[in-house]
Amino acid sequence: MADIILKAAGQTLTMVFWSTLFSVLLGFIPAIILTLTAPDGLRPNRIVYEVLSFLVNTFRSFPFVILMVIIIPLTRAIVGTTIGTQAAIVPLTACAIPFIARVFENALRETNPGVIEAARSFGASDWQILFRVYFKESIPRMLNGIILLTINILGYSAMAGTLGGGGIGDIAIRYGYQKYSTEYLVVCSLILIGFVQLVQSFGNWVYKKLS
Amino acid sequence: MIVLKNVCKNFDDLEVLKGVSIEIQDHEVYGIIGQSGAGKSTLLRCINGLESYQSGEITVDGVLVSQKDKKQLRQLQKTMGMIFQNFNLLERLDVYDNVALPMKFWGINTKTEEAVNKINSLIRLVGLEDKKHSKPAELSGGQKQRVAIARALVLEPKVLLCDEATSALDPAITREILSLLQQINEELGITILVVTHQMEVVKQICQRVSFLKDGRVLAEGKPEDLFIHPIKEVKAFLQEESTLLPATGVNIQMFFTDKSSDPVVTMMARELDMNFSIVWGKLEDFRSNVFGSLVINVDESVRDRVTAYLDKEGVSWEVLN
């Protein structure tokens, strides 16, 4: 049992880590475009904002299981296979990008508009305001978003397991649910609870350090 | 010198500035006073290019403030530091880094000895040496405004624009900030333009003031001239309680807005050989000079003699009903 659980925990960590990393990197781009083109942004542009916003909402509203199936061709193109832990990272990332894009957008746009005006009054360029003001002031809020994302991806990774991704969630379903093993169910649940607590505590600690 | 000629500005259908013309001399402390919504802050934002304006002309030392030439506008913004009602400091930077920030926008290396010395000397000027590495959240309102002042001076501007800079502060702190601004004006020779709805700000530091209402300048001049003998609109703005005056006789208000120390009132009593009662009076402090007005009540029969005397002495007066 310990071997099975340990292996699964490793798979979960791999899925969560890489999908979080990729989605944060890729989600940052639409977040910046949304922030810049928002009505109160530095380069307001209704069309760009509304279109991108619509896309983000559309992808966010897909149930994860369906999204996973829809993007099978993409997964195959990137990883070469659609089964396994690596393959699960693709739909997890795809699902997380619109989520984190919206979370980052909100974090960035919470920046005090007075501070942005002050920066403009000193002759700061839009790029300087974006990175020296928006980004810098939003780091703790963005970090909170990443913690939220990590916990969400952990939940989705259980579903990804059913498509051959493996992981704790997969073990919980196969051994705990399908084989009626209460023991597996309890151990898997405890591990997931512990993992969420750990991530959240770490997040709170870093947030405190940063702000 | 900042020159505004017939500046008009509207937000869609809303006219905010309706032909404002003002000239602000170098090294002057100039005030723009008026109620909220009068267009004061918009005017200030037009001057340093944070807002565009539809017609008219704003020049700073002969250079046109215009959104068309962004590069030139940026150079102009460098010569005008600005402070705000809500301080607008970066929460995640300490005092030192907040002061240094404008330098970074201009690609100035903040690690050189010269830059470090300048930042430190400004922090010393505003009296925050012991708070150099504190975050804004650890500072009081007055201290935050001091940081903002140091930040506004770090690019060595010629003009300091103050947008309701003391409106969020209590009276004692307001006085401290105002005397700091005065010190900056005197020691560094920086022109200061303050926008405010607070009378005490104008009275304490402004050499000249404009009264703005509904996007128009209704009065301009020395604060004492504007406020001791106010026009109707200024009176409404000041919301002075109406004075309770005797119903019999004639009430004559005399205005004292120059520094002449002639004891006009007692001189008049002696010269005209008459008695009268002082029924109302108000004295105010303007940049450490005391100016004010007195109301005397005289008998109808001596009215013409009194007014003739006041004219002769050059005292402005008004008969109150």
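**Entry 1. Chain B, contacts in sequence**

Among contacts in chain B between residues at least 6 apart in sequence, what percentage joins residues at least 24 apart? I looked this up and found 67%.

**Entry 2. Basis of the model**

I note that this is a predicted model, in which local features need pLDDT of at least 70 and side-chain atom pairs count only at pLDDT 80 or more, while totals for chains, interfaces and linings use all residues. Residues are numbered from 1 along each chain as its sequence is written, and chains are lettered from A and ligands numbered from 1 in the order in which they are written.

I recorded an ipTM of 0.84 and a pTM of 0.87 for the model. I then turned to pLDDT, the predictor's confidence in each residue on a scale from 0 to 100. Chain A averages 91, and 100% of its residues score at least 70. Chain B also averages 91, with 98% of the residues at 70 or above.

**Entry 3. Chain A, overall**

I counted elements as DSSP runs numbered from the N terminus, with helices being H or I of at least four residues and strands being E of at least two. Chain A has 9 helices and 0 strands. Read from the N terminus, its elements run α-α-α-α-α-α-α-α-α. The C-alpha trace of chain A spans about 65 × 40 × 25 Å along its principal axes.

For burial I used the number of other C-beta atoms, placed from the backbone, within 10 Å of a residue's own: 20 or more is buried, 12 or fewer is exposed, and in between is partly exposed. By this criterion 39% of the 211 residues of chain A are buried. Of the contacts in chain A with a separation of 6 or more, 68% come from residues 24 or more positions apart.

The lowest mean, 85, belongs to helix α8(A) (residues 168-178), and the highest, 95, to α6(A).

The axes of α1(A) (residues 2-37) and α2(A) (residues 46-61) come within 9 Å and cross at roughly 140°. The pair is therefore oblique; the scheme counts angles under 35 degrees as roughly parallel, over 145 as roughly antiparallel, 65 to 115 as roughly perpendicular and the rest as oblique. On the α1(A) side I listed P30(A), I33(A), L34(A) and T37(A), which meet V48(A), Y49(A), L52(A), S53(A) and V56(A) of α2(A). These residues divide into 7 nonpolar, 2 polar and no charged. The classes are nonpolar for Ala, Val, Leu, Ile, Met, Phe, Trp, Tyr, Cys and Pro, charged for Asp, Glu, Lys and Arg, and polar for the others, Gly among them.

Next I looked at α1(A) with α8(A), whose axes are 7 Å apart at an angle of about 135°. This makes α1(A) oblique to α8(A) as well. The contact involves I4(A), I5(A), A8(A), A9(A) and T12(A) of α1(A), and I168(A), D170(A) and I171(A) of α8(A). I recorded 6 nonpolar, 1 polar and 1 charged residue here.

**Entry 4. Chain B, overall**

Chain B has 11 helices and 14 strands. Its C-alpha trace spans about 80 × 45 × 30 Å along the principal axes. Of its 321 residues, 37% are buried.

**Entry 5. Positive phi in chain B**

Most residues other than glycine have a negative phi, and I noted two departures. E164(B), which is not a glycine, has a positive phi of about 50°. It lies in the loop between β7 (159-163) and α6 (171-188) of chain B. Is E164(B) buried or exposed? It counts as buried, because 20 C-beta neighbours lie inside 10 Å.

R287(B), likewise not a glycine, has a positive phi of about 45°. Its place is the loop between β12 (277-286) and β13 (289-298) of chain B. With 16 other C-beta atoms within 10 Å, R287(B) is partly exposed.

**Entry 6. Where the chains meet**

I found 18 residues of chain A in contact with 17 residues of chain B. On the chain A side, the elements giving two or more residues are α6(A) (113-121) and α7(A) (126-165). Of the elements, α6(A) gives the most, with 7 residues. By class, this side of chain A has 7 nonpolar, 6 polar and 5 charged residues.

Methods:
Two residues are in contact if their C-beta atoms, placed from the backbone, lie within 7 Å. Axes are lines fitted to C-alpha atoms, for helices over the stretch in contact, and angles run from 0 to 180 degrees between N-to-C directions.
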